[in-house]
Amino acid sequence: IRVVASSPLNVRRAFERLANKHEKQTERPACRCTAHTLDQWQQCGTVVNVAGHYALMPVHIEHQGAPLRATDPLPCSGTRSRHQAVNSLAQLAHTLHIQHTYTPTSIAALLPPENWNREPLLRHRVQNLARSLSSMACVRVADKGSTMLFAFCRQWVWDETAQFLLSEKYDPRPLSGNNNIQTALHDIIKKNKWPVNTARSLPLLYLLGKAKILTKGCILWRPIAAIVEPQLQRFFLRSAARAFTLLLRLLTEEICASFLVLKISDLHPWFHGLPDWGCEVIGECDCSGQFNNVTPASVMSDLGASVKWLAARRRWNAQELVWSIHRDNKKLDRAGKGTSSRFHYIAHRDLENLVYFSLLTDTYTQASGQIWSRTGAIPMGGPFSAQSADLRSVWGAKTRVDLMRRLGNLSFSPRGHPLWSTPRGNTISLAQFRDNVVVGARGPT
């Protein structure tokens with residue numbers, strides 16, 4: 001068992017804590033890829049050359065003959081941290097809901113006290129390496145390979161980020177306009193009487209390397225906005241995001257041809273039900289440019305149309321639609337006013353205004369010493385970005401009936417998942433989570 005909650009610090013956080021201090025630089029950093037700094041780079045892995053700059057792909061730190069992973073914990077010394085590890089492992093064994101022989105006593109025997117009373121050499125070693133590397137390099141984590149850290153020269157990342165954002169049709173403006181932007185956003189928030197975050201700041205945009213960089217010659221990037229201090233209070237944004245998710249859940253229940261799942265755990269019933277109808281082949285594909293191809297105007301149009309259709313479908317006769325968000329349990333979220341004081345109410349018109357504000361107004365991010373914004377597509381990392389992309393998928397199953405009929409005749413599996421019988425005698429089933437679509441098929445072709 002590798003999950004040891006002895007400390008909130010792991011290898012990835014040790015690097016990111018120090019690296020983030022340098023991310024909001026206003027001047028282009030100097031390149032420190034010289035012979036004098038080569039030894040510092042080589043302490044963390046094998047150095048490769050990327051466009052004339054040093055890079056580590058991936059960062060390689062060994063401990064006891066094995067490479068450290070990004071999620072490996074860095075335990076601290078003392079009986080308190082050992083006690084936390086014992087309790088965490090005991091809780092993990094209990095949560096798994098399987099037969100086991102672990103007890104707090106047997107788990108404690110697996111963690112010798114002498115290993116916890118020593119000076120945390122591994123923790124200090126990783127922190128020292130992170131301190132020297134973060135001053136010269138940007139450290140990134142590849143998606144689908146969260147155990148891998150990559151390091152690139154800061155000057156190269158600065159230029160690469162600016163070039164990438166221009167290719168993605170982001171509009172740059174100088175940092176001197178930050179105060180004017182903050183004032184304009186604050187006026188809109190005040191006008192709508194939303195709870196403002198007094199510690200608000202522009203989010204930091206950075207590039208996340210895709211796992212495909214390991215197999216392809218070019219490096220593929222994905223822009224992510226790290227919203228540390230949003231313009232609105234975080235609790236209010238989370239409640240509104242849950243209301244949007246609740247709308248999607250109700251739409252998936254009413255639209256029979258929808259194959260969208262809202263949580264990764266919801267894919268498990270679909271996979272377990274494949275043998276029920278004799279699935280023979282399983283494949284996976286990506287929705288190409290899902291966020292770039294969806295415009296905020298289409299999201300607002302689909303949001304209004306879907307709510308009207310859902311209200312007529314479920315015969316909601318209320319003059320004003322209200323979403324009730326429970327403060328403690330997401331499963332108790334519902335449409336309409338709840339009967340408990342533990343509910344937080346959001347009017348649907350406020351939800352639409354918030355989505356509009358997030359997709360078309362509050363789109364400013366900071367990167368490479370400039371402020372960037374893009375209003376022609378869904379912003380990456382926004383509070384309603386994932387829900388907006390999912391809305392197009394689930395509502396498209398209702399409005400694009402002509403496209404869905406090309407798949408074949410619709411039926412359902414024994415567990416209630418949609419199946420399509422194609423003209424060629426095949427049977428297929430689909431399941432979509434975010435921009436990934438999983439396909440199960442049976443038949444001659």
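Analyst: Start with a sheet. Five strands make an open sheet, ordered E10-E19-E18-E17-E16, with antiparallel pairing. Strands (E, at least two residues) and helices (H or I, at least four) are DSSP runs, numbered from the N terminus. The model is predicted, so local features need pLDDT of at least 70, side-chain atom pairs count only at pLDDT 80 or more, and totals for chains, interfaces and linings use all residues. Residues are numbered from 1 along each chain as its sequence is written, and side-chain values use heavy atoms, without hydrogens and water.

User: Which strand is joined to strand E13 by five bridges?

Analyst: Strand E11 (residues 322-326) is, and the two run antiparallel. Ile325 has His344 in E13 as its bridge partner.

User: Why is strand E13 called largely enclosed?

Analyst: Buried means under 20% relative accessible area; exposed means over 50%, and partly exposed lies in between (1.4 Å probe, protein chains only). Four of the five residues of E13 (residues 343-347) are buried, so the rest of the structure largely encloses this strand.

User: Why is Ser306 called buried?

Analyst: Ser306 has 0% relative accessibility, so it counts as buried. This residue is in helix H12 (residues 296-313).

User: What does the side chain of Ser306 reach at 2.8 Å?

Analyst: It reaches the backbone oxygen of Asp302. The Ser306 side chain also reaches the backbone oxygen of Leu303, at 3.0 Å.

User: How many cavities of 30 Å³ or more are found?

Analyst: A search of the whole structure finds two. A cavity is a set of points, on a 1 Å grid over the protein atoms alone, where a 1.4 Å probe fits but cannot get out; lining residues have an atom within 4 Å of a point. The largest cavity holds about 180 Å³ of space.

User: Which residues lie nearest the centre of the largest cavity?

Analyst: Glu23, Cys138, Val157, Trp158 and Ser368 do, out of 16 lining residues. Strand E5 (137-142), helix H7 (154-167) and strand E8 (204-209) each supply at least two residues of that lining.

Key: 1 Å grid on protein atoms, 1.4 Å probe; cavity = no way out; pocket = protein on both sides within 12 Å on 5 of 7 lines; lining within 4 Å. Points joined across faces, edges and corners; volume = space filled by probe spheres on them. Pairing = 2+ DSSP bridges. Polar contact = N/O pair within 3.5 Å; in protein donor to acceptor, adjacent residues only side chain to side chain.
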